[in-house]
Amino acid sequence: MLVGASALCLVGCAGQQSALDPAGRDAERIAHLFWWMASGAAIIWIAVACLTFYSIRRPTAAMSARQARLFIIGGGALMPTLVLAGLLIYGLALLPELLAPAPEGSLRIKVAAEQWWWRVRYRLPEGGETELANEIRIPVGEPVEFELESHDVIHSFWIPALGGKMDMIPGRKTRLVLHPTRTGVFRGVCAEYCGVAHALMAFDVVVMETEEFTSWLNQQSQPAAETTEPSALHGREFFFANGCSACHAIRGTTADGIVGPDLTHVGSRMSLGAGTVPNEPGAFIRWIQQTDKIKPGVHMPHFRMLPPEELHALEAYLESLK
Amino acid sequence: MKTSPGDPNPLDHEPPAELQRLQEERLLKAWAAPKGWRYWSEVNNTQVGLWYTATAFLFFLFGGVLALFIRIQLAQPGNDFLSAETYNQVFTVHGSVMMFLFAIPIFESIAVIFLPQMLGARDLPFPRLSAFGYWCFLIGGVFLCGSIFFDAAPRGGWFMYPPLTSQYQPGIGADIWLLGFSFIEIAAIAAAVELIVGTLKCRPPGMRINLIPLYCWYVLVAAAMVLFAFPPLIAGSMLMEIERAFHWPFFDPAGGGDPLLWQHLFWLFGHPEVYIIFLPSVALIAMIVPTFARRPIVGYGWIVLAAVGTGFLSFGLWVHHMFTTGLPGISIGLFSAASEAVAIPTGVQIFCFIATLAAGRLVKSTPMLFTFGGLATFVVGGLTGVMVALAPFDFQAHDSYFIVGHLHYVLIGGTIFPILAGLYYFFPLINGKKLSDKLGKAAFWITFTGFNVTFLPMHLTGLLGMPRRVFTYPAGLGFDTLNLVSSIGAFVLAIGFAVILWDVVRPKRKEPLSERNPWGAGTLEWLQQMPAKPWGVRSIPEIDSRYPLWDQPNFLRDVDQGRFYLPDAEEQGRETIVTTAIDAQPVQVLQLPGPSFVTLWAALTIGGFFIFGTYHQWGFALLSAMAAVGVIFYWMWTGTAIIPKKSERDVGLGLKLPLYASGSASVGWWAMFITMLADFTAFVSLVFGYFFYWTIHHDFPPDPTPGPGVFWPCLGAALALGSWALTALAQRWNRQGRAAPFYAGVLVAASLATAAAAALLAGPWLTGLDPKTHVYPAMVWLLTIWAALHLLIGVLMQFYTLARRLAGKMTAAHDTDISTVTLYWHFVAITIVITVAVIAGFPLVN
Amino acid sequence: MSSPSEKNESLWLLIVSPTIWAGHFMFSYITAAIWCAKFAGSDGSLRPVRWAIAVYTALALVGIGLNGWSGLRRHRFGSEPLPHDSDTPEDRRRFLGFATLLLSALSAVSVVFGAIVALFFKDCR
């Protein structure tokens with residue numbers, strides 16, 4: 001039955017954000033637990049339905065008082081007690097493993113949720129930290145510990161394909177350990193209602209081979225790439241002229257705003273606006289022009305008044321920030 | 001069926017026809033509803049219950065329309081039918097309305113209608129309290145629902161998690177939620193008082209505790225749960241409103257607060273709440289199944305076990321809504337265990353119903369159809385409930401659409417379908433006509449199909465990763481088709497409800513009246529004549545069986561001809577019989593208050609306090625509160641503890657019962673006791689808050705402790721205890737007829753209590769605690785103010801007894817007033833001692 | 001055999017066992033919460049808490065057992081079988097005893113469920 005259900009699910013359960021298409025140890029354990037419980041639940045439901053049907057359509061004489069009592073004791077009390085006890089033990093046995101911290105020396109990533117995006121800080125192997133935003137890349141086959149916090153409202157950090165979720169609560173620090181088991185691109189979301197744009201608070205998750213990851217992290221910890229392309233250079237001027245640097249930081253330049261997401265390597269990201277728009281050509285322009293349309297409630301003002309040439313230049317600059 | 005040898009038999013001859021006519025005339029005079037606009041001053045529970053139920057259904061329709069908006073918006077990815085801001089208001093109001101304005105009120109309103117009938121009582125003991133509750137509910141509900149038309153509705157989710165709601169949502173939406181619902185919760189507690197005292201004290205003679213209809217067991221449990229579940233939410237709402245209005249940082253980490261405290265208080269209410277609405281709905285099934293199985297319920301004792309057991313266990317589940325907040329594994333495990341255990345009693349009751357069907361012979365009917373639908377659906381919800389109760393699975397399922405699916409299976413399967421079954425079953429009692437079987441069957445299949453098409457896919461949507469409370473979702477993640485299917489299902493479901501609505505409101509004037517007891521049921525509510533008489537039962541029967549209409553020979557005739565108790569309204573006043581709690585021995589004839597607008601005024605003035613408070617018009621709010629105190633005193637003065645003209649009433653069958661009872665024999669004393677249990681629970685919630693902060697801070701109270709010191713709180717406690725002792729003594733002096741010591745005692749007690757309040761407040765005041773700076777001073781101030789307020793209310797009550805005695809409305813023999821006030825003071829004394837032990841004592845030992 | 005009077009009966013006896021469960025549950029939870037928050041730290045050992053829960057469990061089961069036994073005795077009062085549905089003081093007594101017995105059984109199972117939890121956790125994580 002389990003095999004059958006899992007096979008069925010290969011079709012319907014796949015997805016970048018699916019808990020039933022696991023890519024991590026924890027998600028696998030939980031999906032397994034789910035299939036067991038779902039099958040058991042189906043059997044119990046069918047059994048109860050059959051009993052009810054039988055009791056109203058029975059061919060034989062009515063149940064005697066004694067039989068009825070045994071029926072209630074057996075079916076209503078004993079059976080549930082035993083089934084639930086078994087299930088409880090299964091669930092409890094799973095818990096310590098899911099809650100265990102990552103071993104010493106594991107990769108640690110600090111994630112701070114803001115209304116409505118993710119500030120991501122990698123601890124570098126050589127010491128120090130580097131700040132990124134709205135995209136998380138991790139090596140396959142290694143435990144990774146997320147240190148979670150929030151400075152405004154409650155959010156919740158959830159990558160369904162890798163494992164369960166964990167809330168991010170102002171004034172508290174929580175942690176979540178995940179164990180990715182296969183490479184791929186996945187999607188994480190905020191699972192706790194956090195205000196107007198809660199629905200548009202997502203992030204991309206890329207599980208990579210370890211060497212690939214190491215070079216990626218090394219690249220991301222570098223300051224922004226110097227560009228020589230003229231329109232990008234123009235865009236850079238407009239970036240500062242329009243005050244973007246008041247909120248955004250670009251390492252290696254004087255832009256050191258801390259209110260909004262770090263843009264040092266924004267051109268390399270898979271999406272903009274915290275998983276809201278795919279990073280395709282033209283995406284930056286749409287985002288800068290229609291920020292509030294694309295993402296209602298967003299704290300970044302729109303720049304609809306900018307002339308097209310400025311917008312194109314800005315896009316060229318931001319795209320150059322690979 | 002064996003009867004107790006001492007039980008009287010009904011009269012063995014028919015009373016003369018002329019006497020019967022006169023009796024009916026007098027009963028009618030006493031119980032007829034007022035005419036014209038004065039109709040709205042009616043307080044009879046059957047009438048009020050009808051208003052209550054109708055209003056709750058209107059709110060249900062309102063919430064349902066909002067649900068359709070949600071489903072339209074989510075029918076396809078990236079839809080812009082609703083803006084994000086509007087969507088967030090819509091889902092918040094949908095959840096809040098369904099929970100607070102439908103589910104809770106419908107339980108209480110159905111109980112208020114049918115409890116007197118099932119108990120063969122003419123009315124419940126506090127009809128005016130029910131009317132008051134109704135008016136609070138109506139005012140609060142309209143205020144809340146109306147806000148969405150002005151784009152001012154709450155938008156923090158029905159769970160209102162801070163700091164989003166406390167600091168990030170300006171505007172009055174959150175205040176409307178906090179104050180509006182606190183107001184409605186007061187109404188719910190009022191109804192709970194009525195239902196508990198009604199079940200325990202207003203049963204027909206002979207209906208021992210082992211004979212009461214199962215419905216009453218469930219209602220008793222659910223009402224008792226209200227007393228312990230609602231106060232934590234009222235306390236939490238108070239904390240949050242104070243934070244919003246006056247910036248005391250209860251949930252703000254910058255001031256030492258913690259948003260998790262709200263989650264604890266909210267779910268300490270929120271989880272029992274699910275069972276508070278589920279149990280009374282299953283109770284309807286427990287009444288319907290025996291009727292159509294044509295035999296008594298099998299496993300009566302087991303069902304009582306299930307009701308009481310669920311009531312308890314449901315208070316050990318609240319943290320399962322907080323499994324992902326990073327609590328220690330062992331805490332998660334404990335709540336996971338209790339959440340699994342609660343499934344056991346639920347399973348027991350379902351097997352009792354199946355066993356009853358198996359031991360009887362099913363008669364097919366529309367109510368049974370809805371019952372089967374409800375059970376089939378609820379079992380799914382119960383099974384997925386067992387799944388999410390297991391913490392590891394909840395880590396994935398929590399806050400995803402899986403939960404949305406689960407909770408609707410529980411609530412619609414466990415509540416709506418049983419209520420619809422009840423609607424088709426009980427409707428003849430409402431206006432003497434049956435609903436249409438044909439429409440009912442059609443409606444059932446439409447709603448049942450629509451429901452499953454809507455909510456079954458959601459389980460998968462959730463596990464595919466769709467979080468809850470999102471106003472939109474991107475295409476291509478596997479959600480698109482599933483959401484579209486859910487949206488289509490929602491409209492099918494809505495059509496089903498429209499059919500039911502039509503069946504209820506379609507004109508039925510030409511249809512014949514239903515015959516009496518059309519389903520052949522065995523319980524007392526089916527004594528009712530078609531159409532109903534306002535007086536309820538013609539005479540209050542002596543009960544020998546769980547199903548008297550089946551088991552007691554000539555029962556209908558004896559009741560109708562007035563061969564049982566109290567067949568008359570001698571003084572043309574409203575009366576019912578009070579019995580003992582366990583064996584239902586008759587002990588008193590209770591004179592019930594008649595129609596009055598005072599209940600409406602009380603609701604308006606108290607509502608004024610909350611509504612002005614919402615707009616932070618504290619001056620008007622205070623005026624309104626003072627007016628409310630005045631109205632309530634007028635109500636008490638004119639409507640309670642009235643000394644009867646005669647001391648006894650001959651209720652027939654050779655039984656004479658007193659018309660006045662005092663102390664713990666009076667229903668008023670019980671009402672005070674129950675109310676104070678709720679009040680005390682709110683207080684304990686605040687104390688819980690104090691110690692909660694202690695556990696999360698290394699320095700709580702801060703070292704050195706900035707206040708309130710030891711001297712002033714202890715002085716306050718000493719004075720308060722003096723006042724308490726003098727009040728108790730005054731009660732004794734009054735009973736002994738010693739007027740002078742009584743007056744002096746009460747006067748001194750009142751002055752001591754006033755001084756005590758001042759001394760308590762002097763503690764934090766003189767030590768300069770500033771509640772805005774940190775949660776420690778805020779908590780100390782709050783506990784102190786809570787205690788002082790209780791003292792001052794106690795002072796008002798002391799003066800009240802003084803005035804009552806001066807006016808001759810309280811005498812040595814008729815001393816309900818002071819005995820009730822003394823009971824209040826017992827609770828105040830405990831409150832003060834605990835407060836002082838916490839605010840002055842705990843800093844010393846810490 | 002004289003009829004049991006209403007005065008000797010109490011509805012409170014019905015809820016003794018569930019109340020003991022509630023006490024067991026609250027004490028277990030509060031002990032663990034305070035220990036982890038104030039004393040052990042988020043990675044500390046749970047050893048004392050597990051001992052405490054063992055003691056609470058033993059006490060609770062004894063209490064529930066006694067209450068359940070008294071329920072059983074009343075349920076068996078005069079050897080009338082279920083369903084205890086006659087309008088007699090005897091049947092009322094048997095019914096209350098039966099309900100007490102059942103609630104005790106449920107409470108005992110719930111206490112054991114709670115106690116099982118302590119077996120699985122060695123630290124405050």
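These legends walk through several close-up views of a predicted model. Residues are numbered from 1 along each chain as its sequence is written, and chains are lettered from A and ligands numbered from 1 in the order in which they are written. Because the model is predicted, local features need pLDDT of at least 70 and side-chain atom pairs count only at pLDDT 80 or more, while totals for chains, interfaces and linings use all residues.

**View 1. Chain B as a whole.** Let's begin with the overall build of chain B, which has 25 helices and 4 strands. Helices (H or I, at least four residues) and strands (E, at least two) are DSSP runs, numbered from the N terminus. The radius of gyration of chain B, 28 Å, is close to the 28 Å that the globule rule gives for 846 residues, so chain B is as compact as a globular protein of that length. That radius is taken over C-alpha atoms, and the rule is 2.2 Å times the number of residues to the power 0.38. The C-alpha atoms of chain B fill a box of roughly 85 × 80 × 50 Å along the principal axes. Of the 846 residues in chain B, 65% are buried, meaning that 20 or more other C-beta atoms, placed from the backbone, lie within 10 Å of the residue's own.

**View 2. Inside the largest nonpolar core.** This core has 408 residues, and B:Cys136, B:Tyr218 and B:Ala286 are among those with the most contacts inside it. Here a nonpolar core is a set of buried Ala, Val, Leu, Ile, Met, Phe, Trp, Tyr and Cys residues joined through C-beta atoms within 7 Å. Helix H8 (residues 259-293) of chain B supplies the largest share of this core, 24 residues. Look next at B:Ala286, which touches B:Leu214, B:Tyr215, B:Tyr218, B:Ile297 and B:Ile303, leaving aside residues up to four places away in sequence. Two residues are in contact if their C-beta atoms, placed from the backbone, lie within 7 Å.

**View 3. The open sheet of chain A.** Five strands line up in the order S3-S2-S1-S5-S8 (chain A), with mixed pairing. Two strands pair if DSSP finds at least two bridges between them. Strand S3 (129-133) and strand S8 (174-178) of chain A stand at the edges with a single partner strand each, so one side of each has no neighbour in the sheet. Strands S1 (residues 107-114) and S2 (residues 117-123) of chain A pair in the antiparallel sense over 6 bridges, and A:Ala112 stands opposite A:Arg119 in S2(A).

**View 4. Two hairpins.** S2(A) and S3(A) form a hairpin with 5 residues between them, and A:Gly127 in its turn has a positive phi of about 95°. A:Val120 has A:Leu132 in S3(A) as its bridge partner. In chain B, S3(B) and S4(B) form a hairpin with 2 residues between them, where B:Leu653 in the turn has a positive phi of about 55°. B:Asp650 is bridged to B:Lys656 in S4(B).

**View 5. Where chain A meets its neighbours.** The contact with chain B takes 68 residues from chain A and 66 residues from chain B. On the chain A side, H3(A) gives the largest share, 18 residues. That side has 44 nonpolar, 17 polar and 7 charged residues. By this scheme, Ala, Val, Leu, Ile, Met, Phe, Trp, Tyr, Cys and Pro count as nonpolar, Asp, Glu, Lys and Arg as charged, and the others, Gly among them, as polar. Chain C contributes 8 residues to its contact with 11 residues of chain A.

Conventions: Buried ≥ 20, exposed ≤ 12 C-beta atoms within 10 Å, placed from the backbone.
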